[in-house]
Amino acid sequence: MIVQPDYELLQNLIRRTVPTANIEVTPGIGNVVILSGYVTTPQDADIVARLAISQVGGSPNNVINALQVGGVQQVQIDVVIASVDRNEIRSRGFDFAVNTSTVRFASVLSGLLTPPTGAGGSATISPDANLQLGLVPAQFFGAMRALRTEGLAKFLAEPRVVTQTGRIAQFRAGGQQAILSPASGINGPGVQLQPFGTELDVLPIVYGNGHIWLEINPRVTAVNQGLGITTVFGSSPGFTEQSARCAVMLESGQTFAIGGLIQNSVQASAARVPVLGDLPFVGTLFSRVNHEERESELVILVTPRLVTAMDCNQVPRRLPGRETRTPDDYELFLEGILEAPRGQRKVWNGHCYNAAYKCDPSLATMPCVGNVCTGPNVAGGNCNANGCAVATPTVAAGRPAGFPVPNVPQQLPSNVPQESAMPPVALPVSATGSEVNLPTGPAALPVPTTPVGPATPVEEIPDAPPK
């Protein structure tokens, strides 16, 4: 007797347990079942597989899982890491020394001055002192440090990686720093390489309803010599690190702030000579003060997108670095151009100089600013086809731009003597520019003083005879 699994029972059980799935149960050879179709989430696929395993006796080898999660399977993860560090340091200190044949007195609390060793000698002033004073006849030396230092550091990284759903993707842009290793050999301590830079580890899972589950770990590390250590074998640098590890659920195109930091730290210190340093105003000569304030801001944004492969027409024609060419000897040595736009270039067009940027094929798409032409044959500019500057036509006073100039004849027809020609008359134009106002009155038009000769007879053409 052969006992086979109840495939109809398994099919009905799957429909009741996972109603959003479209699964077909197919019997295989022997006690084997084949699952095919689509589910909306990976969790649903796991539930269906466990139901099928229980139906075939608990053996996973008897279940052929051909289930697929519906939707696009490629995910692009865009991460933006923005960090700003600001610091302000204020410090003040004063040292002085008096060295005469009878009196020797010094205050070196700030470490800015080394008193002279003998009578009549000179003091040594530290480079940290930005104000120095020396009176040689009086043998008085003074050194003062009064500084206010401000620093600003900005960091912006935008790593981007594409991976398939359920697959871990890793991105790194940086390098490796050699540091001292705990292991040592006959030639001294060992050396190991520590990676630094911008790193991104992400695991996306796409659900059938369009949601994307992300397990993301962005990390930014940088070499910091101030955090290093020094041993008998040498010095090893330290590292500053900014990282986050979390899991979020987003839709395609949505942005989520997965990390943020606002940190303020203040450090202040003061050192003074007892009694003398407590005196008002005079105590400044016997004390030092240091005040340091730091502020850090950090924001990490993540945006997942469901993407597919690009069509051949969507591929960029020129990738970064391929839109320029190597300059020739004239451009490099005489013009100082390190890279020039692609395209043929004629340096001199007649008597006009043709700049290298005018050879860029995309120059004609750039907008014009004012009356300055950004390319040949661009409307509104003042350059000709060779890229040379030309004069811009001026607009007559009292006439708006674009208004046609009245066509006033400058001379009479050829059959009229030239000595009787009427001088040109200026016709005033109305303020609106829509009509021409002709002056009226006895003094409207000037009367020529030169007499006009006899009029030329007009030849009459006889009418054609009727047909």
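These legends accompany several close-up views of one predicted model. Local features are reported only at pLDDT of at least 70 and side-chain atom pairs only at pLDDT 80 or more, while totals for chains, interfaces and linings use all residues. Residues are numbered from 1 along each chain as its sequence is written, and side-chain values use heavy atoms, with hydrogens and water left out.

**View 1. The whole chain, as a starting point.**
The protein chain has three helices and 21 strands. Here helices (H or I, at least four residues) and strands (E, at least two) are DSSP runs, numbered from the N terminus. Of the 467 residues in the chain, 28% are buried. Buried means under 20% relative accessible area, exposed means over 50%, and partly exposed is in between (1.4 Å probe, protein chains only). Take the contacts between residues at least 6 apart in sequence: 55% of them join residues at least 24 apart. A contact means heavy atoms within 4.5 Å.

**View 2. Helix α1 packs against helix α2.**
Helix α1 spans residues 7-17 and helix α2 residues 42-55; their axes come within 10 Å and cross at roughly 155°. This crossing makes α1 roughly antiparallel to α2, since angles over 145 degrees count as roughly antiparallel, those under 35 as roughly parallel, 65 to 115 as roughly perpendicular and the rest as oblique. Axes are lines fitted to C-alpha atoms, for helices over the stretch in contact, and angles run from 0 to 180 degrees between N-to-C directions. The crossing of α1 and α2 is right-handed: the near helix is turned clockwise from the far one by less than a right angle. On the α1 side, look for Leu-10, Leu-13, Ile-14 and Thr-17, which meet Ile-47, Val-48, Leu-51, Ala-52 and Gln-55 of α2. The residues of this contact divide into seven nonpolar, two polar and no charged. Nonpolar covers Ala, Val, Leu, Ile, Met, Phe, Trp, Tyr, Cys and Pro; charged covers Asp, Glu, Lys and Arg; the others, Gly among them, are polar.

Leu-301 is 221 residues away along the chain, yet the C-alpha atoms of Val-80 and Leu-301 are separated by 5.1 Å.

**View 3. Ser-181 of strand β11 and Val-191.**
Strand β11 covers residues 169-185 and includes Ser-181. Ser-181 counts as buried, with 17% relative accessibility. Val-191 is ten residues from Ser-181 in sequence, and the two lie 4.8 Å apart in space, C-alpha to C-alpha.

**View 4. Val-275 and Phe-281 in the loop between β16 and β17.**
Val-275 is not a glycine, but has a positive phi of about 70°. Phe-281, also not a glycine, has a positive phi of about 65°. Val-275 is exposed at 60% relative accessibility, and Phe-281 is exposed at 77%.

**View 5. Two cysteines, Cys-246 and Cys-312.**
Cys-246 is partly exposed at 22% relative accessibility, whereas Cys-312 is exposed, with a relative accessible area of 65%. A search of the whole structure finds zero disulfides, a disulfide being a pair of cysteine sulfur atoms within 2.5 Å.
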